[in-house]
Amino acid sequence: MDAAEFRKRGKEMVDYIADYLENIEQRQVFPDVQPGYLRTLIPEEAPEVPDSYEDVVRDIERVIMPGVTHWHSPYFYAYFPTASSFPAMLADMLSGAIGCIGFSWAASPACTELETVMLDWLGKMLRLPDDFLAGTTGQGGGVIQGTASEATLVALLAARSRIVRQIQADDPDRTEADIISKLVAYSSDQAHSSVERAGLIAGVRMKKVPSDEKFAVRGETFRAMVQDDKEAGLLPFYFCATLGTTPSCAFDCITELGPICNAEKIWMHIDAAYAGSAFICPEFRPFLNGVEFADSFNFNPHKWLLVNFDCSTMWVKKRADIIGAFKMDPLYLKHDHQESGLVTDYRHWQIPLGRRFRSLKMWFVFRLYGLKGLQAYIRKHVGLAKEFERRVREDQRFEICADVVLGLVCFRLKGSNELNETLLKRINAARRIHLVPCHLAGRFVLRFAVCARTTESHHVQEAWAHIAEIASELLQDIPH
């Protein structure tokens with residue numbers, strides 16, 4: 001394919017994508033295929049001679065689309081949203097064309113510098129403390145990770161490195177292996193599974209702190225666990241607080257937890273993967289109060305801020321803590337400006353070496369939506385969730401299972417777990433809408449998350465009517 005054909009095919013692909021997204025609600029939201037469906041539709045080996053472009057494009061509908069779960073359908077209400085916007089897609093095209101691997105400033109200065117500035121822009125939108133901003137003289141700063149899972153792990157490894165250095169500075173004869181064997185990290189019992197996984201990867205024990213009746217971790221519970229562990233000879237060093245838990249969008253009480261972490265010299269990382277986008281709205285910013293106590297903070301613009309995957313933004317108060325954990329400087333990666341103090345080499349802030357020019361997506365989206373446009377988008381989704389909540393509350397057969405704060409509604413039929421499991425199976429088997437469940441206080445609960453950029457009130461009304469109809473059929477089928 002030469003440049004002339006690329007121009008032609010590129011325009012055709014843009015048309016295909018625009019048509020796909022404009023008409024997405026006409027497609028069945030969840031695919032009706034069985035595992036292994038795709039292998040039977042394509043050859044066993046790659047072609048020796050080139051296929052035609054027309055054949056490849058024909059196979060998108062024949063091979064790919066039958067197995068796609070349409071995350072951007074206004075009938076998709078599962079998990080949490082994954083962001084999508086036309087400005088971000090255009091920026092991704094440009095990123096792919098530039099094709100740099102921005103592991104250092106010298107590898108592509110614009111890739112590094114735009115990321116630093118975009119993280120400052122976004123930090124200011126969130127009204128983060130100045131400690132987290134790079135500016136031109138700050139000790140902190142931001143970085144784009146691939147996912148919140150990576151940010152949690154990077155923070156955990158940085159915290160582990162920091163405490164090992166601190167202890168060995170006081171006791172040089174103490175081995176790293178001995179210190180690590182005594183370390184203990186903490187997270188809520190509602191935290192995402194990736195936090196527990198980070199503990200497995202880092203080789204440290206991870207304890208779950210019980211949450212309260214609102215599914216939030218409170219200070220006194222955490223303080224008691226830390227005290228017990230210290231008396232048992234363990235070394236508490238890391239706590240992952242969650243703002244907007246995956247099951248119910250609950251918020252750990254960081255104004256209580258932060259001072260405890262600071263007093264005990266425990267690294268506090270805040271995972272706000274979903275909810276963090278909402279903090280650009282003044283009415284939701286109080287949920288972030290207490291961030292001043294944190295060592296690191298992370299959320300995913302690729303969930304709810306119209307920046308396509310992947311773009312997980314992470315800030316640290318002291319970038320030296322992260323760089324100290326990951327810095328490797330072989331001769332072939334060195335450059336003239338790296339010790340100048342004026343540049344950041346992001347390879348020291350992450351687990352991989354290579355990185356894409358992801359900040360272009362942020363630059364396009366922030367400029368073409370503006371802060372007011374992004375705030376309006378968040379508020380619209382919250383309003384749609386409130387609308388669904390009202391519908392649930394009006395139906396005496398159902399109950400709301402957790403506070404509806406942002407774009408997630410947790411609900412269930414009054415009755416047994418088995419009844420609600422059957423309800424969910426029937427809803428998803430119909431393939432009109434798509435939901436996933438969670439467990440809250442031992443109860444099987446359905447989650448309704450407003451996800452797609454194009455979701456409107458009538459989609460929510462249709463979804464509720466569909467759920468209510470299936471519930472009526474289910475209750476009629478149950479012998480009285």
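**Helices on the sheet, and beyond**

Reader: At about what angle to S11 does helix H13 run, lying across S8, S9, S10 and S11?

Author: Bear in mind that this is a predicted model, where local features need pLDDT of at least 70, side-chain atom pairs count only at pLDDT 80 or more, and totals for chains, interfaces and linings use all residues. Residues are numbered from 1 along each chain as its sequence is written, and side-chain values use heavy atoms, leaving out hydrogens and water. Helix H13 (residues 417-430) lies across S8, S9 (408-413), S10 and S11; helices (H or I, at least four residues) and strands (E, at least two) are DSSP runs numbered from the N terminus. With axes as lines fitted to C-alpha atoms, for helices over the stretch in contact (heavy atoms within 4.5 Å), and angles from 0 to 180 degrees between N-to-C directions, H13 runs relative to S11 at about 35°.

Reader: And which strands does helix H14 touch?

Author: H14 covers residues 457-477 and packs on the sheet. Its direction makes about 15° with that of S9. The strands touched are S8, S9 and S11.

Reader: What's the strand order in that open sheet?

Author: There are four strands with antiparallel pairing, where two strands pair if DSSP finds at least two bridges between them. S8 (398-400) and S10 (436-440) are the edge strands, each pairing on one side only. The order is S8-S9-S11-S10.

Reader: Which residue in S11 is the bridge partner of Val436?

Author: S10 and S11 (residues 443-449) run antiparallel and are joined by five bridges. In S11, Val436 has as its partner Arg447.

Reader: Is Val307 buried or exposed?

Author: Val307 lies in the loop between helix H10 (301-304) and strand S7 (312-316). Beyond its neighbours within four places in sequence, its contacts include Ala83, Lys361 and Val365. Buried means under 20% relative accessible area, exposed over 50%, partly exposed in between (1.4 Å probe, protein chains only). Because its relative accessibility is 0%, Val307 counts as buried.

Reader: How many residues of strand S1 are buried?

Author: S1 (residues 141-145) is mostly covered. Gly141, Val143 and Gln145 point one way, Gly142 and Ile144 the other, and all are buried.
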